[in-house]
There are 2 protein chains.
Amino acid sequence: MASTGRPRAFDRQRALAAAMAVFWERGYEGTSLADLTEAMGINRPSLYGAFGNKEELFAEALALYEGIEAEQITKALNEAPTAREAIEATLRYNARVYAQDGRPRGCMIVLSLLVGTPESRPVRNLLAERRRVGEHELRDRIARGQAEGDVPSSAAPRQLAAFYTAILQGMSITARDGASREQLDGIVATAMGCWPK
Amino acid sequence: MASTGRPRAFDRQRALAAAMAVFWERGYEGTSLADLTEAMGINRPSLYGAFGNKEELFAEALALYEGIEAEQITKALNEAPTAREAIEATLRYNARVYAQDGRPRGCMIVLSLLVGTPESRPVRNLLAERRRVGEHELRDRIARGQAEGDVPSSAAPRQLAAFYTAILQGMSITARDGASREQLDGIVATAMGCWPK
DNA sequence: GCTGTTATTTATCGATCGGTACAAAAGAGG
DNA sequence: CCTCTTTTGTACCGATCGATAAATAACAGC
């Protein structure tokens, strides 16, 4: 309801997308306010006025990232007829985008901040929580497959989800280390060999 | 041959071990010179005199870390009679130490610095190289198993090594996120299901 | 045109960053 | 004792960190 006042001179969403790209590439602690304002094309007070502070801007950039990625992941998870195909499609999709040109390699949620200063603890917690949610989505899909009969009743959805989550995290690091899509696909192929029979 | 001059008043190896602990816990960029000197119990000029600078100190701390870990890993890899047992022993060992109390969780080589500023690129390259070496050791052990006949000739050592490396990296993140040894062992158990038959 | 509100630019703020200059101190060799 | 060498503690360097104060500019409503 802020129809009054001087109108914002920049596209808030474009600026946010630029911030997301920098955080994704350099991580939370590796990104300075100077990096952000330069990439976003705005001055510091404009950033603070529109986004609060560095931490809030990161949280919003992360939400944008998830919003962009969620569509395809959700599609891969839900549209496949069996849990196994759903998990494999999710892994294959990530193998593709993690090594894609024109964007930072690997997953922003996994790579942005794993260790750091006590001051950045809230950001680490935020990211850990998002990882936990992702793992839960895998688990729910596997449990659904079990309920629908395409996953053996002897399988342990929680354990399988933890395993495929670890694989996705390892793939993010491997992608940052320069692995090609083919190499990531090789990891996916091997990982799918663990599916319960 | 520096028998002359004022003798060093601190234990260099103890100070290095303290630096290693801080780098391991907070990562390279998350650790400040103030953090280091406080943990090491020395003043700044002593640190620079004994270790060069932050980057060289990190490299030496990393070498110490590898030296400590290498013994058990090498033992696990070489003493098992088959490649499968060797890989599983390595994974089990890491599952145990990653979640062990009294030390930072996860692997220092994996977690210390994955993304960051352009200035820290040399450190990232150093860590990526160490990860590559670790992967190569797994590969060599699998290839040896193939030569010795306990691994199917149809198996792909390179692909298997990439897979188990990804698992170890994912386990490091999972451990940092608070996973118990039992949870990590569950991942190991699932991952061993991918072993070629 | 005037008022109220918000965004803009410029110029900082105090704190911390990694890294050192300098002089006093502690040993070895003479 | 004196000299040489290295380490020590103190105090500080310029640069950068995240974040703001203050003044000006651009709009809406009246």
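Biologist: How does A:R8 count here: buried, exposed or partly exposed?
Modeller: First, this is a predicted model, in which local features need pLDDT of at least 70, side-chain atom pairs count only at pLDDT 80 or more, and totals for chains, interfaces and linings use all residues. A residue is buried if 20 or more other C-beta atoms (placed from the backbone) lie within 10 Å of its own, exposed if 12 or fewer, and partly exposed in between. Because A:R8 has 13 C-beta neighbours inside 10 Å, this residue counts as partly exposed.

Biologist: Where is the place of A:R8 in chain A?
Modeller: Residues are numbered from 1 along each chain as its sequence is written, with chains lettered from A and ligands numbered from 1 in the order in which they are written. Helices (H or I, at least four residues) and strands (E, at least two) are DSSP runs, numbered from the N terminus. On that count, A:R8 sits in the segment before α1 (12-26) of chain A.

Biologist: How far apart in space are A:R8 and A:P104, C-alpha to C-alpha?
Modeller: Along the sequence, 96 residues separate A:R8 and A:P104. From C-alpha to C-alpha, their separation in space is 29 Å.

Biologist: How many helices does chain A have?
Modeller: From the N terminus on, the elements run α-α-α-α-α-α-α-α-α. The C-alpha atoms fill a box of roughly 60 × 40 × 30 Å along the principal axes, and buried residues make up 42% of the 197 residues in chain A. There are 0 strands, and the number of helices is 9.

Biologist: Which elements are included in what covers the buried residues of α5(A)?
Modeller: Helix α5 of chain A, residues 83-98, reaches 22 Å from its first C-alpha to its last, close to the 22 Å expected at 1.5 Å a residue (the expected span is 1.5 Å times one less than the number of residues). Its buried residues include A:A83, A:I87, A:L91 and A:Y98. The cover over the buried residues of α5(A) includes α4 (54-79), α7 (121-148), α8 (157-176) and α9 (181-192) of chain A.

Biologist: And over in chain B, which residues is B:R92 in contact with, leaving aside its neighbours within four places in sequence?
Modeller: B:R92 is found in helix α5 (residues 83-98) of chain B, and it counts as partly exposed because it has 17 C-beta neighbours inside 10 Å. Two residues are in contact if their C-beta atoms, placed from the backbone, lie within 7 Å. Leaving aside neighbours within four places in sequence, B:R92 is in contact with B:D185 and B:V188.

Biologist: Which residues touch the most other members of the largest nonpolar core?
Modeller: A nonpolar core is a set of buried Ala, Val, Leu, Ile, Met, Phe, Trp, Tyr and Cys residues joined through C-beta atoms within 7 Å. Beyond four places in sequence, B:Y164 is in contact with B:I87, B:L91, B:L138 and B:A191. Among the 109 residues of the largest core, those touching the most other members are A:Y164, A:I167, B:Y164 and B:I167.

Biologist: Which element gives the largest share of the side of chain B that touches chain A?
Modeller: The contact takes 33 residues from chain B and 33 residues from chain A. On the chain B side, the elements giving two or more residues are α6 (108-111), α7 (121-148), α8 (157-176) and α9 (181-192). The largest share, 12 residues, comes from α8(B).

Biologist: Why are the two copies related as by a two-fold rotation axis, and what is the rotation?
Modeller: Copies are superposed by least squares on the C-alpha atoms of residues with pLDDT of at least 70 in both. Chain B then falls on chain A with RMSD 0.0 Å and 0.0 Å of shift along the axis. The copies are thus related as by a two-fold rotation axis, the rotation being 180 degrees.

Biologist: Which element gives the largest share of the surface near DNA strand D?
Modeller: A residue is near a strand if its C-beta atom, placed from the backbone, lies within 6 Å of it. In all, 26 residues surround DNA strand D, and the closest are A:R6, A:S32, B:G5, B:R6 and B:S46. The largest share, 4 residues, comes from α3(B).

Biologist: And which element gives the largest share near DNA strand C?
Modeller: Of the 25 residues around DNA strand C, A:G5, A:R6, A:A9, B:R6 and B:S32 come nearest. The largest share of that surface, 4 residues, comes from α3(A).
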